[in-house]
Amino acid sequence: MAPVWNRPASAWDAIRGVQHEAQSDTNLTPEQFSEMIVQPTWAGTHVSPETASRAIPVKASCSLIAGGITAMPIRVLRREIVDGEFIQSPADDNDYWWLLNESPNDDMAAAQFWQRIVTHKLLWGQSFARIVRKGRTLEAAELVHYHNNRVQVVREWDAARRRNRITQYAVNDDGRYFSVNPEDMLHFRGDMAVGEPPRSAIIEAGKQAIGLCLAIEEYAARTFAHGGTPRIVLKYPPGTKFTEEQKKALKDAWLNSFGGSHNAGLPIPTSGADVQKISFTAQELQMLEARKFQVIEIARAFGIPPYM
């Protein structure tokens, strides 16, 4: 299947409402969209914008950066020429000040809007906001944010300029397809070349640290779900044989008695069995130290001092 960002024909079909085989690709869920730009890691986990946001250090880093940017007011200036001099003065009474600092649209406040813009830029590498005009004028009435999987960038070859350029944005708003001209879309682009799939330089650089963080969290959660005990085997004397039914009954009885955090007791083997550990404990793996180090590594990837 060709990448969604590399198929302008399907975008046109989606806009025109044509029932095309690849039309559903422009109606991806955030999880499906993230799978297309997934980053495999050495820890065995797959890092995507969706999975990365589940890591607490990543979530905290995005909230810290987005919160800092959101807290800063956006100035609107009035430019005038007075007595031959170019003068700038605050224009807090302008409608754009309210649009950028208070309410970009009827559905959200400016803080929530910019929080989404910055978070998507950090995790997905780009973000989109549509400029809704007042009637047929050039005056902006609203700013509407769209998730990255809802927007497809359409590029066409410009023979005069000898390069691919953006001709429009194909938008899927809950099954309603329409096109947006480049001058009506705020496209906050990341560090990517023309024709490359959208990606976040931060996620790509820190994918190993994020993947290890997710793997450690999963390991710790599964360990506590089994009463905090490491993986073990039951060793019976030589010559002891069990049927498949007996093996299943023994496994079920063991899990019912000692499995789960609510059964975090001392396992007592019977019938001459001996318990042998086949995995490391959290102390042996230095899990706590590893988790602290991953927080520092992820903070470095986002350019945030670890103490924050």
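How many disulfides does a search of the whole structure find? The search returns zero, where a disulfide is a pair of cysteine sulfur atoms within 2.5 Å. Cys62 is buried, at a relative accessible area of 3%. Cys213 is also buried, with 8% relative accessibility. Here buried means under 20% relative accessible area, exposed over 50%, and partly exposed in between (1.4 Å probe, protein chains only).

The model is predicted; local features require a pLDDT of at least 70 and side-chain atom pairs a pLDDT of 80 or more, whereas totals for chains, interfaces and linings use all residues. Residues are numbered from 1 along each chain as its sequence is written, and side-chain values use heavy atoms, with hydrogens and water left out. The pLDDT is the predictor's confidence in each residue, from 0 to 100. The protein chain averages 78. Of its residues, 71% score at least 70. Residues 1-9 have a pLDDT below 50. Beyond near neighbours in sequence, this stretch makes 21 contacts in the model (heavy atoms within 4.5 Å). The pLDDT is also below 50 over residues 16-28. That stretch has 24 contacts beyond near neighbours in sequence.

Helices (H or I, at least four residues) and strands (E, at least two) are DSSP runs, numbered from the N terminus. Two strands pair if DSSP finds at least two bridges between them. An open sheet of three strands has the order β7-β8-β9, and its pairing is antiparallel. The edges are β7 (151-158) and β9 (176-180). Each has a single partner strand, so one side of each lacks a neighbour in the sheet. From one strand to the next, the twist averages 30 degrees; axes are lines fitted to C-alpha atoms, for helices over the stretch in contact, and angles run from 0 to 180 degrees between N-to-C directions. Five bridges link β8 (residues 163-173) with β9. Val171 lies opposite Phe178 in β9.

Strands β3 (residues 77-82) and β4 (residues 85-90) run antiparallel and are joined by six bridges. Glu80 has Ile87 in β4 as its bridge partner. The two strands, β3 and β4, form a hairpin with two residues between them. In the turn, Asp83 has a positive phi of about 55 degrees.

Helix α6 (residues 110-124) contains 15 residues. Its expected span (1.5 Å times one less than its number of residues) is 21 Å. The end C-alpha atoms are 21 Å apart, in agreement. Buried residues of α6 include Phe113, Trp114, Ile117 and Trp124. Just after α6, Gly125 adopts a positive phi of about 90 degrees.
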